[in-house]
Amino acid sequence: MILLFAGWGAAVALVGGLIGYLWLASDSIEAELKEQRPQITVEVKPKGLEMEQAASTTQKERKILENAPLEKINAVERKQSGQDLEETAQLNQGHQGSDATTGDAKVGVKLHPHPDPKLIEETDQGPLPKMDEDGRQPWHVYSRPFENKGARPRIVIVVTHLGLAPQQTQDAIAKLPSEVTLGFAPYARNLDIWVQQARDNGHEVLIGLPMEPNDYPRNDPGPNGLMLAHSQEENIKRLNWVLSRATGYVGIFDIMGSRFTAEKGSLKPIIQQLNNRGLMILNTRISPNSMMREAAQEIGIPYSAVDITPDLEPSRGGIDRKLDKLLELAMTQKQAVAIMRPLPITMLRLKRWIDRLDPGKIILAPLSAVAEPVKALKQPKS
């Protein structure tokens with residue numbers, strides 16, 4: 001009996017000691033178990049971004065470009081892309097088959113050399129575009145040669161916000177068909193070099209014009225954005241800064257600007273200056289309240305407007321559906337304009353879609369091929 005109690009006592013002591021050890025060492029044991037667990041990282045992809053929200057990221061991108069080495073910038077781009085390795089590999093293969101889809105516009109065609117001395121005004125702010133004595137206008141001289149020998153509908157693709165992310169910019173320049181028009185951010189480093197590379201590859205070029213958005217100052221168009229609080233003289237000065245950043249472009253597209261473009265009184269002098277310098281404008285229709293068309297109509301500037309933005313929802317299905325809608329619009333309206341961002345998923349879906357276009361039914365065209373001066377309104381007789 002004594003041996004039995006002794007055995008039970010030893011067992012109780014052993015169990016008690018084990019429990020005590022586990023209690024005292026619980027923290028270290030838990031930490032060790034955590035280290036042994038498989039680590040899973042879930043990345044949430046953005047969905048349903050609005051163009052102005054997307055445009056507002058340019059301020060952050062500028063800060064990255066100002067402070068980070070190229071390796072870090074490329075790492076940020078890869079993280080933001082949200083694409084799997086297979087799609088990235090396919091994207092890096094380069095564009096194939098563009099010759100068969102671009103109609104009569106020749107791939108690799110040479111554009112008019114720039115800067116054309118007769119189309120440059122030297123100022124304290126730098127070289128600014130101008131019309132020459134013969135009436136030649138930069139938007140026409142620097143445009144990509146285009147000839148449509150039939151009645152085929154025209155589709156225009158404009159890829160914007162280039163120059164801020166080097167790898168994405170290089171991909172757009174080198175891998176997209178040269179009929180695609182490229183729009184550059186004015187804050188991009190080495191903008192003149194990017195524009196030269198784009199034109200060397202046959203791309204027509206636009207420069208972005210930052211303007212005040214409705215949610216300023218939460219979203220800031222940058223140090224040279226056009227603002228309603230500034231005088232007309234100051235906004236013209238800021239416009240000239242943008243225009244002096246490079247040469248060889250055909251016109252501008254608006255960046256942000258939902259508040260500024262809604263005020264025709266402030267917008268009209270800007271468009272008048274652009275018209276005086278022989279440029280065209282692309283209305284991105286960032287806001288339903290934009291007065292850009294009305295102001296352009298009163299002035300008679302070469303004008304075009306975006307019909308659809310295929311990558312508002314940056315996903316395969318969302319982009320593919322909008323691109324198919326773009327084709328339908330072109331067939332119905334005889335022409336259609338789309339604006340897109342240089343996201344890897346956008347570039348991949350766009351290239352595949354272009355490869356499937358029937359050159360017998362549709363033609364890919366530069367923006368200047370569909371831009372026309374909006375007929376000026378007749379002034380009422382007094």
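1. Secondary structure. The protein has 14 helices and 11 strands. The model is a predicted one, and the remarks on confidence in point 2 apply to the points after it.

2. Confidence. The mean pLDDT of the protein is 79, and 69% of the residues reach at least 70. Residues 21-107 stay under 50 in pLDDT, yet the model has 113 contacts beyond four places in sequence for them.

3. Burial, surface and contact range. Of the 382 residues, 49% count as buried. The accessible surface comes to about 19,800 Å², and carbon and sulfur atoms account for 53% of that surface. Taking contacts between residues at least 6 apart in sequence, 75% join residues at least 24 apart. These totals use all residues, whatever their confidence.

4. Nonpolar cores. The largest nonpolar core has 62 residues, and I157, F184 and L350 are those with the most contacts inside it. L350 touches I157, V159, L176, L323 and M340, leaving aside residues up to four places away in sequence. Another core, of 21 residues, lies apart from the largest one and includes V141, V156, I255 and V337. As general background, nonpolar side chains in soluble globular proteins tend to be buried together.

5. A296. This residue sits in helix α12. Its relative accessible area is 0%, so A296 counts as buried. Beyond four places in sequence, A296 touches I271, I281, I301, Y303 and V374.

6. T284 is in the loop that runs between β7 (280-283) and α12 (292-299). Is T284 buried or exposed? T284 is buried, because its relative accessibility of 10% is under the 20% cut-off. The side chain of T284 makes a polar contact with the side chain of D254, at 2.8 Å. Leaving out residues up to four places away in sequence, T284 touches F253, D254, V306 and I339. D254 is therefore listed both as a polar partner and as a neighbour of T284 under the 4.5 Å contact rule.

7. R285. The place of R285 is also the loop between β7 and α12. Phi of R285 is positive, about 55 degrees, although the residue is not a glycine. R285 counts as partly exposed because its relative accessibility is 46%, which falls between the cut-offs of 20% and 50%.

8. N190. A positive phi, near 50 degrees, is also found at N190, a residue other than glycine. N190 lies in the loop between β4 and α9. With a relative accessibility of 52%, over the 50% cut-off, N190 therefore counts as exposed.

9. Aromatic pair. The count of aromatic pairs is 1. Y187 and W241 form this pair, which is tilted, with 5.8 Å centre to centre and 35 degrees between the planes. The pair links distant parts of the chain, 54 residues apart: Y187 is in the loop between β4 (181-184) and α9 (191-200), and W241 is in helix α10 (residues 232-243). Which side of the burial cut-off does Y187 fall on? Y187 is buried, because its relative accessible area is 16% and the cut-off is 20%. W241 has a relative accessibility of 25% and so counts as partly exposed.

10. Cis peptide bonds. The bond from H114 to P115 is cis, with omega near -5 degrees. P115 is placed in the loop between α6 (85-91) and β1 (120-123). Another cis peptide bond joins Y216 and P217, where omega is about 10 degrees. P217 lies in the loop between β5 (205-211) and α10.

11. G265. Helix α11 (residues 264-276) contains G265. At 66% relative accessibility, which is over 50%, G265 therefore counts as exposed. The C-alpha atoms of G265 and Q232 are separated by 9.8 Å, and the two residues are 33 apart along the chain.

Notes. Residues numbered from 1 in each chain as written. Predicted model: local features only at pLDDT ≥ 70, side-chain atom pairs only at ≥ 80, totals over all residues. Heavy atoms only, no water. Helix = DSSP H or I, 4+ residues; strand = E, 2+ residues; numbered from the N terminus. Buried < 20%, exposed > 50% of the residue type's maximum accessible area, 1.4 Å probe, protein only. Polar contact = N/O pair within 3.5 Å; in protein donor to acceptor, adjacent residues only side chain to side chain. Areas by Shrake-Rupley, 256 points an atom, 1.4 Å probe, with all protein chains shown as cover. Phe/Tyr/Trp six-rings, centres within 6.5 Å; stacked < 30°, edge-to-face > 60°. Core = buried A, V, L, I, M, F, W, Y, C linked by side-chain atoms within 4.5 Å. pLDDT = per-residue confidence, 0-100.
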